[in-house]
Amino acid sequence: MATPSDQNLPPPLSEIVSQHYETVALVLQGGGALGSYQAGVYEGLAEVGIHPNWVAGISIGALNTAIIAGNAPEKRVDALKQFWALICQPASPLNFWPAALETQLFGISDSFRQAFSSWYATRALVDGQKGFFTPRFPPPVGPRTLDVASASYYDTRALKGTLERFADFDRINHGGMRVCVGAANVATGNLTFFDNAHLALRPEHFMASGALPPGFPAVEVDGQFYWDGGLISNTPLSEVLGQTPRRDTLAFQVDLWSAQGALPSNMGQVDDRAKDIQYSSRTRAVTDNVRRTQLLRRTLREVLRHVSPEALENDTWCKIAARMSTDKRYNVVQLIYKDKPYENQFKDFQFGYNTMLDHWATGLADIRETLAHPEWLDLPENEAGFASRDVHAPSSSDRLGPKSSAEREAGI
């Protein structure tokens, strides 16, 4: 029996989310070794019982998508831990020091962390990662002609077995969760989304989404060859927010590259900053565009209230306007990985076990801090019906939240 004090408690976050939103999406950006940050974010969502009904990913985000969608809710975090523990091992069994000693040394200072991070990145380039990729021998250099599936520095065939080991593809296709991953068609240059709402997904679809050239080879899917979707857009956010029919949507957008950062002071930092800008830009463009579009759709809805029923029924332009209008609302909660002081331009391929744990812990801490603001999960109340939150942004409770009046007289 509930006590009076129990009755005064706010409802759990999972209940707030399920009552407000028809779609709860987890949107996972690409970023290689940084992807364990996304696993930490998912663990934090699972802690409070928030289980997305749509997961969308690109590149490493697509691989995390397969593990999440391919397991029962109570098994997902453990499956992610096993997956990341495997791919953060070197492809060969050679170790220069015991794992326990390595972990102890890694925790001493940022100088030690930087040294180990450089070592992890070098080892990945030379040796590859277990269950993920290995260097080709002989390497693909010189004038010899290669077929498209072999034109890469690394062989990723082991990844198929890894995905089949940690993800149940029957569950991915029939488990009640919508799943989509993006890849770039090598021949046409178009971004394609493989979506279980339209086809049965296989390991190759997820491998194609993460096939970043020239390191990884194109992956064949139904007679077409695909590369990493991040070549075109490193986030599937527009695919989620552009769904029809429109639905009230809460999207947890987990980015591995930050649009904002310090000015570089050496060439390594130049490379690092360039990657941040290149791979983070789409999220900002998508959120800005959705906000403008949302204001226009909701404006149409309000204007149509003043139109006669006869015109609504018979006028072609009124019919088009009615189809374009909406009363649905969208809330994007952003989780953006912030660089560590010891990281540099190789952060996306430093597949070390200790850096993986560090990224994971950061994602878990960020989502816990975000969920400490339950009001951020409310449906947006501004004219646009759109809000975006970021725990790292100044005054993030207002970021792309209230702007009004009619988005400052439609100047938006």
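## Helix H7 and its buried side

Arg 113, Phe 116, Ser 117, Tyr 120, Ala 121, Arg 123, Ala 124 and Asp 127 are the buried residues of H7 (buried is under 20% relative accessible area, exposed over 50%, partly exposed in between, with a 1.4 Å probe and protein chains only). They sit on the same side of H7, because they cover an arc of only 160 degrees around the axis, taken from the directions from the helix axis to the C-beta atoms. On the other side of H7 you will find Ser 111 and Val 126 exposed.

This is a predicted model, in which local features need pLDDT of at least 70 and side-chain atom pairs count only at pLDDT 80 or more, while totals for chains, interfaces and linings use all residues. Residues are numbered from 1 along each chain as its sequence is written, and side-chain values use heavy atoms, leaving out hydrogens and water.

Helices (H or I, at least four residues) and strands (E, at least two) are DSSP runs, numbered from the N terminus.

What do the buried residues of H7 pack against? Their partners are helix H6 (99–106), strand S3 (134–135), strand S4 (154–155) and helix H15 (353–371), where contact means heavy atoms within 4.5 Å. After H7 comes Gly 128, with a positive phi near 85 degrees.

## Salt bridges

The whole structure holds 15 salt bridges, each a side-chain nitrogen of Lys or Arg within 4 Å of a carboxyl oxygen of Asp or Glu. One of them pairs Lys 328 with Glu 22, with the closest N and O atoms 3.2 Å apart. This pair links distant parts of the chain, 306 residues apart: Lys 328 lies in the loop between helix H14 (316–324) and strand S10 (330–336), and Glu 22 in the loop between helix H2 (13–20) and strand S1 (23–28). Lys 328 is partly exposed at 21% relative accessible area, and Glu 22 is partly exposed at 31%.

Arg 136 and Asp 155 form another salt bridge, their closest N and O atoms being 3.9 Å apart. Here Arg 136 is buried, with a relative accessible area of 19%, and Asp 155 is buried at 12%.
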